[in-house]
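Subject: Structure handover

Hello,

Here is the structure you were waiting for. Please open it alongside this note.

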Amino acid sequence: MALVAGVDSSTQSCKVMIRDAETGELVRSGRAAHPAGTEVDPQAWWDALQDAVAQAGGLADVAAASVAGQQHGMVCLDEQGGVVRPALLWNDTRSADAAVELIEELGGADGGSGGDRVGALVAGRHAWAEAVGSVPVASFTVTKLRWLARNEPASAERTAAVCLPHDWLTWRLAGAAGLDSLRTDRGDASGTGYWSPRTGEYRLDLLEQAFGRRPVLPVVLGPTGRAGELPNGAPLGPGTGDNAAAALGVGALPGDVIVSIGTSGTVFSVAEAPSQDSSGAVAGFADATGRFLPLVATLNAARVLDAAAKLLGVDLDELARLALSAPAGADGLVMVPYLEGERTPNRPLATGAVHGLTLRTSTPAHLARAAVEGLLCGLADGLDAMVAQGATVNRVILVGGGARSEAVRRIAPQVFGCPVLVPAPGEYVADGAARQAAWVALGGEAPPAWAASTTEQYDAPPAPHIRDQYAAARDLFTNRPA
């Protein structure tokens, strides 16, 4: 029996899943926590990976391994391969102004009148979408590089190479032989803001515009490319970003829409052609199979539930019970859950808000319901944006830690307006990485067809008033500083 290893190095933790390459059967696993924060020393990821690998019984007997990781994070390396500064993560919003600058610059802004700058923003969004399939926001690596160049010029000067979290971990597993041995994949490269899914090439001109020069970048591999070897000689797959890995892990096909509720919230689908949305709502990413992965991301997802539970002094199970005891729409109580700023819509300086508070709605049940509905409405806005870009929605698959909430599962079809499939709880990002590793080990035209996990279908009559009252409250909002 050939074994393969899949790694998920997420914002919060590192998971390692060892599976049978042909059947996907789980053999053993390990997990270790990551430190909190929006900037992290990559060494903490490496230490957690070593811990999780040890818990999983080591990698000496695996035939291949792949690493999936949180997207967009900026890892800067010096000429000797040392880390220049703590990595800025996807959820670090300090580069919000840099994103606006880059959009204006590509649109031809010259610092003129306000009217000219509005026109430059419109033109810039179109130009960026055409160039790389996405419009820069604070999450993207390209904006973080502009921030670094402007705010930490000494660190920028020391930076000889730039890579992403999964690239750096793969490079370390392969022995970190030199900067020219850095490797990445289409899926993660497409989230940098300087690689085009449509052409399959880096846009070095955009990198130079942002950073002032062109540091070394990882070579972009195809779905079964080899990024190096483990000490036992087993190949390392190219790895990918966490969302592309999740799509591979659940076996998503064109027409499937995956809604993932983790640290971030994401709505994405597998597509046969690249997308480009100049509004910036839909990011035109690539997937891990050679296809494409249009995606909408929100900064506020499962931690909205954590925050509501903490506010009410209950655990997550009790929060779900309370939410389900309140009526749909919570009698008009609405939570706009921009607790950490927001990426979609692009409101990086946002704070959360509660609307419709009355004597009637001043109960724990109403607040719990409003928190769940606010979380889901933000994701439903993303689903609308995907459909507006031509996405086909044959089914919605709900995954991630937030999907374990009974309230989320039962309220989701009311908000989304369609049945929702929920696979059994699992580590789908790590499983996607393991499936990629199996593809590398076994070869073939497509990833191995592992048995699908059991799923539950949730149905409920649509409740459009939930979306309507949320939209009204959301649109009262201004992008005020936190």
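Two strands pair if DSSP finds at least two bridges between them. Helices (H or I, at least four residues) and strands (E, at least two) are DSSP runs, numbered from the N terminus. This is a predicted model, in which local features need pLDDT of at least 70, side-chain atom pairs count only at pLDDT 80 or more, and totals for chains, interfaces and linings use all residues. Residues are numbered from 1 along each chain as its sequence is written, and side-chain values use heavy atoms, with hydrogens and water left out.

The open sheet

With those terms in hand, take Pro 423 to begin with. Its bridge partner in β24 is Thr 455. Strand β23 (residues 420–423) and β24 are joined by 4 bridges and run antiparallel. Both belong to an open sheet of 7 strands with mixed pairing, in the order β18-β19-β17-β16-β22-β23-β24. The edges are β18 (283–286) and β24 (455–458); each has a single partner strand, so one side of each lacks a neighbour in the sheet. From one strand to the next, the twist averages 30 degrees.

Helix α12 (residues 364–388) packs on this sheet. It touches β16 (256–261), β17 (265–269) and β19 (292–298), where contact means heavy atoms within 4.5 Å. The direction of α12 makes about 25 degrees with that of β17. Axes are lines fitted to C-alpha atoms, for helices over the stretch in contact, and angles run from 0 to 180 degrees between N-to-C directions.

Strand β1

Is strand β1 (residues 3–9) enclosed or open? Here 7 of the 7 residues are buried, so β1 is largely enclosed by the rest of the structure. Buried means under 20% relative accessible area, exposed over 50%, and partly exposed in between (1.4 Å probe, protein chains only). Both faces are covered. Leu 3, Ala 5, Val 7 and Ser 9 are on one side, with Val 4, Gly 6 and Asp 8 on the other.

β1 has these partners. It runs parallel to strand β5 (residues 62–69), with 7 bridges between them. Val 4 stands opposite Ala 64 there. It runs antiparallel to strand β2 (residues 13–20), again through 7 bridges. Ser 9 stands opposite Cys 14 in β2. A hairpin of 3 residues joins β1 to β2.

Helices

Helix α2 (residues 96–106) packs against helix α8 (residues 204–211) at an angle of about 125 degrees, and their axes are 11 Å apart. That makes α2 oblique to α8. Angles under 35 degrees count as roughly parallel, over 145 as roughly antiparallel, 65 to 115 as roughly perpendicular and the rest as oblique. Leu 102, Glu 105 and Leu 106 in α2 meet Leu 206, Gln 209 and Ala 210 in α8.

Helix α6 (residues 165–173) is mostly covered, with 8 of its 9 residues buried. Among them are Trp 168 and Trp 171. Just after α6, Gly 175 takes a positive phi of about 105 degrees.

The C-alpha atoms of His 126 and Ser 279 are separated by 8.0 Å, and the two residues are 153 apart along the chain.

Best wishes
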